[in-house]
Amino acid sequence: MTAEIVERVRRSSRYRDVDVALLARLAGEELPKARNADDAVKRVKRRLHQAVGAFRGERRGDLLLLDGVRAAWHGDLTDAAFRAACADVMRSHASTRERLPYLDTLYMRIWERTGIPSALLDVGCGFGPLALPWMGIGDATYLATDVDQRPLQTVDAFLEMVGQPHSVRTMDVVATTPDDRADVALLLKLVPTLDRQDPGAAVRLIRGLNVRHAVVSFPARSLGGRGKGMERTYRERLDRLIEESARATATTEVSVSNELIFVLTLDG
Ligand SMILES: C[S@@+](CC[C@H](N)C(=O)[O-])C[C@H]1O[C@@H](n2cnc3c(N)ncnc32)[C@H](O)[C@@H]1O
């Protein structure tokens, strides 16, 4: 029965590109609660919208988006027209769009705490790797993972085009922890998404990471303003995450006005 639900969900073009492990997990969770197969399909699609669909934006996050970036690429990551084209792609994904005003300084502020990574793991990356021109990581290896193949295809083609050493992997991090050795793992705006799928997933992820530093962030619509309640909730969430994962030996904050960002130094 689970396989039938997965097959039916995969027929929808919207979710064909999502890792089948996630589809199977959600089908397994929703089937016992569903009235019948139709209801199960509906429930799985609702969960997929929360996990993946809500972040994709209106335009299809597919390879067409890269056309402008390709046209602007002349071998220089610092070129203004090339950066503008990358920003255009990031504008199509809600979470990267919100980060655009801060790109000039954000990654430098993170590397001040961690050192410039030689290997960077980006978990639930979305279009995050399109910020490469602002990262200043030289020829570091970029390991990009997401449960959604749609942004990943674009990210893979992008990293290939600019000649960045990289690997791209489709992965449901609720079920599997990426254990790649890296200096820094980016978990940007990932924890709230994972919490909705499995309250224990973020702790398992932090425990299993094979990295020296993890950068954990949360959305904060307006820090210090109307978003005060949201900010408090996420600060408490971070405290619990640190306590339960029991790996952080130091934490520093590099928040910007619409994103709470913490750099965790991990043991081992
Ligand atoms: C809020 S977006 C953040 C994207 C990016 N990290 C950023 O901040 O710009 C959440 C991302 O997590 C991915 N995601 C959701 N559930 C996941 C799972 N179980 N395993 C891996 N990635 C997941 C989504 O596809 C989406 O790209």
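What volume does the largest cavity have? In this predicted model, local features require pLDDT of at least 70 and side-chain atom pairs count only at pLDDT 80 or more, whereas totals for chains, interfaces and linings use all residues. Residues are numbered from 1 along each chain as its sequence is written, and side-chain values use heavy atoms, with hydrogens and water left out.

The largest cavity has a volume of about 430 Å³, and the structure holds 4 cavities of 30 Å³ or more. Of the 33 residues lining the largest cavity, Gly124, Cys125, Gly126, Asp146 and Leu190 are the closest to its centre. A cavity is a set of points, on a 1 Å grid over the protein atoms alone, where a 1.4 Å probe fits but cannot get out; lining residues have an atom within 4 Å of a point. Volume denotes the space filled by probe spheres set on the points, which are joined across faces, edges and corners. At least two lining residues each come from helices H2 (20–30), H3 (37–56), H6 (94–99) and H10 (191–197) and from strands S1 (119–123) and S2 (141–146). Domain 1 (2–56) and domain 2 (63–266) each contribute at least three residues to this lining.

Around the ligand there are 23 residues, of which Arg99, Gly124, Asp146, Asp172 and Gln197 come nearest; a residue is counted here if one of its heavy atoms lies within 4 Å. A backbone N or O atom of Gly124 lies 2.7 Å from a ligand nitrogen atom. The protein covers 98% of the 590 Å² of accessible area that the ligand has on its own, by the Shrake-Rupley method with a 1.4 Å probe.

The largest pocket, an open set with protein on both sides within 12 Å along at least five of seven lines, has a volume of about 330 Å³. Among its 15 lining residues, Phe55, Glu98, Lys189, Pro219 and Arg221 are the closest to its centre. H3, H6, H10 and helix H12 (228–245) each supply at least two residues of this lining.

Notes
Helices (H or I, at least four residues) and strands (E, at least two) are DSSP runs, numbered from the N terminus. Domain bounds come from an automatic or database domain assignment. A polar contact is a pair of N or O atoms within 3.5 Å; within protein, one must be able to donate a hydrogen and the other to accept it, and residues adjacent in sequence count only if both atoms are side-chain atoms.
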